[in-house]
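Good morning, colleagues. Please look at the display as I speak.

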Amino acid sequence: MKGHIQITEVAPRDGFQILPRRIPLAEKITLIEKLIRAGCEEIEAASFVSPKWVLQMADSAEICKAFAGRRETELTYLVPNLRGAQLAVEAGARQLFVTTSASDKHSRENLNQTIEEVLAGAKEIARLAYAHGVTCTASIAAAFGYSPDPHGVSREQVCSMAKTLADAGFSALTLCDTSGEADPDGIAFLCDATACAVDLPLGVHLHQAGGIEYANALAALQSGVRIFEAAVGGLGGCPYIKKAKGNIATETLARMFHAMGYETGIDLKKLEECAARAKALQAAYGTPACADNCAAQ
């Protein structure tokens, strides 16, 4: 084997967050259990955000408590602010992650804060996490570009943010192609530059782009990246980007890496079953929210 690649499964959080109808807690727990049995080493299980903004994540504490004490898979939880981090720690989370954005426009749209404000909050979250012995990682959204931003996204901005996050004590960093605009050359260029700027394990988060996402994954691999975020069934998308497509599909990405001689620890057959279940949940709960009460009107 050529070596090990970690695929972080994001469907339970990133894949479900944009669905308009609440998925029952039991269904979410069942999918996470199946992903664990499929060999996923790390899973984004939920996010501690206000239900006012993301109703789908209202049961995050229950999910966290349901898997408390489990060690065969690392479950990680998105926390957008200090309060979310406090709630996650209280629920028993052992790993948190914070998302930032390299585009000020996207940061304001997605996080309702400037880049500087988000980074200041990230430092507070890191201090809280490590005071409780909790691992904390970070991601930079829109790292490979965000066309709605007239100011663009520069390599210097991404590297500067990476240094700030590294200095704050984050243990790993993910660069995100949030809007699906990256190309292989851009992936390689930024991954190389970021790796030179900070000494942290580096990952990429890729979105569907008509197949280009797999060429992007290969470019990241050739740049030394060994952490990839993906979603079974290609679920996901950004709620603040019109016509946003889903994430790169875990089952196809894992199959590609296995064919190349890399090891992921994932059972492809079991993963395909997870993908089928995730797609079924998307079909069942991806209809408009009004479908729940149409009969009463």
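Six strands each supply at least two residues of the lining of the second largest pocket: S2 (6–9), S3 (42–47), S5 (95–101), S6 (135–141), S7 (173–176) and S9 (227–230). Among these, S6 gives the largest share, with three residues. Please bear in mind throughout that this is a predicted model.

The volume of this second largest pocket is about 190 Å³. Which of its lining residues are the closest to its centre? Of the 15 residues in the lining, they are Glu42, Gln95, Thr137, Ala172 and Thr174. Sorted by class, the lining of the second largest pocket holds seven polar, five nonpolar and three charged residues.

How many cavities of 30 Å³ or more does the count give? The count comes to one cavity. The space in the largest cavity is about 80 Å³.

Its lining can be followed along the sequence. In terms of class, the lining of the largest cavity comprises six nonpolar, three charged and two polar residues. For the second largest pocket, to repeat the figures, the lining has five nonpolar, seven polar and three charged residues.

I now step back to the protein as a whole. Its secondary structure amounts to 11 helices and 10 strands. The radius of gyration is 18 Å, close to the 19 Å that the globule rule gives for 297 residues, so the protein is as compact as a globular protein of that length. Taken along the principal axes, the box filled by the C-alpha atoms is roughly 55 × 45 × 40 Å.

How do the contacts divide by sequence separation? Among contacts in the protein with a separation of 6 or more, 76% are between residues 24 or more positions apart. As for burial, 52% of the 297 residues count as buried.

Thank you for your attention.

Definitions and conventions
Residues numbered from 1 in each chain as written. Predicted model: local features only at pLDDT ≥ 70, side-chain atom pairs only at ≥ 80, totals over all residues. Heavy atoms only, no water. 1 Å grid on protein atoms, 1.4 Å probe; cavity = no way out; pocket = protein on both sides within 12 Å on 5 of 7 lines; lining within 4 Å. Points joined across faces, edges and corners; volume = space filled by probe spheres on them. Nonpolar A, V, L, I, M, F, W, Y, C, P; charged D, E, K, R; others polar. Helix = DSSP H or I, 4+ residues; strand = E, 2+ residues; numbered from the N terminus. Rg over C-alpha atoms; globule rule 2.2 N^0.38 Å. Buried < 20%, exposed > 50% of the residue type's maximum accessible area, 1.4 Å probe, protein only. Contact = heavy atoms within 4.5 Å.
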